[in-house]
Amino acid sequence: MDHIDVAIVGGGPAGLAAALYSARALVNTVVFESGLPGGQIVTTDRLENYPGFPEGISGPEIGLLMHQQAEKFGAFFRTFEAVEKLEAVRTDWKVAFDGGEILAHAIIVATGAVPKKLGIPGEDEYTGRGVSWCATCDGALFRDKEVAVIGGGDAAAEEAQFLTRFASKVHLVHRREELRATKCIAEACIGHEKVQTHWNRIPTEVRGEDGRVTSVVLRSTKGEPDEVLPVSGIFEYIGVDPKSEIVRGVADLDERGFIKVDDLSRTSMPGLFAAGDVTDRPLKQVVTAAAQGAIAGYEASRYVESKVCTL
Ligand code: NAP
C-alpha cells in the first residue's frame, strides 16, 4: 500500500489552500477531488468578495487557478475519486477510495457542506439565473429588484436583512408564522421597512422567462389560494448539511454534524485536521475556507515533520 505524508479530502478552496501550504512545505501531498476543482464555488457565477479581484472572478476560474497553484508546488491530484472511509491504523490513517487504499501520516478533511434545496419544479433550471443560496455572493446582482428569501432561521433572517442593501423589496417566506431565528436577529429583519413577510407559505414552483427567474409560486399551509410572487431572485436558506459522513464515528462532530476543530484546524483525533464549510467555524466564505485550509496545511506539515523525526 502506498504511504504518503498528507491526504486531503476535498478540492474546494479549503482543500486547495491546504494542498498549497502542505506541498509548498515539501511534504508529499495527495488531494482527492470527487468533482471539478473548486467545490461549491464552481456554481458561483461571479465571486466579488475574494480579495485581489476588484472586478470579481468566476467560481470555476478561481477554482482552476487554486488547483494549478497547488499543483505547481507539487500537490498530486486524484480527480473524480471519492474517499469512502478513513480509519486510524496505529499512528497512521488508512484512506479507502474508489480505486483502492493508501496510508497517510496526516489527513485534512475539507469536504464542504451542501445547502439544502427545496426540490421544487424550476429550482434546478434557474440555479445561478435567479435562484441562489448565497446573498453575500449574489445579492449585489439584484440592485433595485424584488427578491424572495425562503426560510425562518438565523441565516434567512440575517441574509434577508443583508439583501435590503440592494433589493427594492425583500419578501421573507416562511412555512410557519413565527421565525425560528434568534429574537434580536428576527426582530431586526421583520422590522426593516424593505422586508415583507409571507407567513404560512411554502414555495411550490419557480417560474421564469428568457432564462431568468420572474416569480415564485407560494402555497398556503392554511388553505388560502396560491400566490404568485413576482421576484427576480430567490434565496434559499433552509439549512445546510455538512459532508462529514467519512468522519462520523472517527472524530467529534457537533450536534448538527459539523466537524469540531480548534483554532489550528485540529480535530479531536491526532493527525486528523479539518477546514472550511464542513467544520463548526461560523463564517462560511471562500476567503475563510482558504484561510482555514492554509492553517490546516501548515499544521499538518508540521505534524508530519515532528512525527517522522520521532520515528
Ligand atoms: P435552520 O436554523 O435549520 O433554519 C432553517 C429554516 O428553514 C427553518 O426556519 C425551517 O422551518 C425552514 N425550512 C427547512 N426546511 C424547509 C422546507 N423544505 N421548506 C421551507 N422551509 C424550510 O438553518 P440556518 O438558518 O441555515 O441556520 C443553521 C445553523 O446555523 C443554526 O444553528 C443557526 O442558529 C446557525 N446560524 C447562526 C447565525 C448567527 O448566530 N448569526 C447565522 C446563521 C446561522 P421551521 O422553522 O419551520 O423548521
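**Note on the ligand site and the sheet beside it**

1. Start with the ligand. It has 16 residues around it, and those that come nearest are Asp 154, Glu 158, Arg 175, Arg 176 and Arg 180. Keep in mind that this is a predicted model.

2. Look at the shell by class. Around the ligand there are 6 charged, 5 polar and 5 nonpolar residues. Helix α4 gives the largest share of this shell, with 3 residues.

3. In the side chain of Asp 154, an N or O atom is 2.6 Å from an oxygen atom of the ligand. Arg 180 also has a polar side-chain atom 2.6 Å from a ligand oxygen. Ala 155 uses its backbone: an N or O atom there lies 3.0 Å from an oxygen atom of the ligand. On its own, the ligand has 910 Å² of accessible area, and the protein covers 67% of that.

4. Next, the sheet. Strands of a sheet pair through backbone hydrogen bonds, parallel or antiparallel. Here, 5 strands form an open sheet with parallel pairing, in the order β8-β15-β9-β10-β11. β8 (131-132) and β11 (195-198) are the edge strands, and each pairs on one side only.

5. β8 pairs with β15 (residues 233-236) in the parallel sense, over 2 bridges. Ser 132 has Phe 235 of β15 as its bridge partner.

6. Finally, link the two parts. Helix α4 (residues 154-163) packs on the sheet and touches β9 (146-150), β10 (169-173) and β15. The direction of α4 makes about 170 degrees with that of β9. So which helix gives the ligand shell its largest share? That is α4 again, with 3 residues.

Notes
Residues are numbered from 1 along each chain as its sequence is written. This is a predicted model: local features need pLDDT of at least 70, side-chain atom pairs count only at pLDDT 80 or more; totals for chains, interfaces and linings use all residues. Side-chain values use heavy atoms; hydrogens and water are left out. Two strands pair if DSSP finds at least two bridges between them. Helices (H or I, at least four residues) and strands (E, at least two) are DSSP runs, numbered from the N terminus. Contact means heavy atoms within 4.5 Å. Axes are lines fitted to C-alpha atoms, for helices over the stretch in contact, and angles run from 0 to 180 degrees between N-to-C directions. A residue is near a molecule or strand if one of its heavy atoms lies within 4 Å of it. A polar contact is a pair of N or O atoms within 3.5 Å; within protein, one must be able to donate a hydrogen and the other to accept it, and residues adjacent in sequence count only if both atoms are side-chain atoms. Accessible areas come from the Shrake-Rupley method with a 1.4 Å probe; for residues, only the protein chains shown count as cover. Ala, Val, Leu, Ile, Met, Phe, Trp, Tyr, Cys and Pro count as nonpolar, Asp, Glu, Lys and Arg as charged, and the others, Gly among them, as polar.
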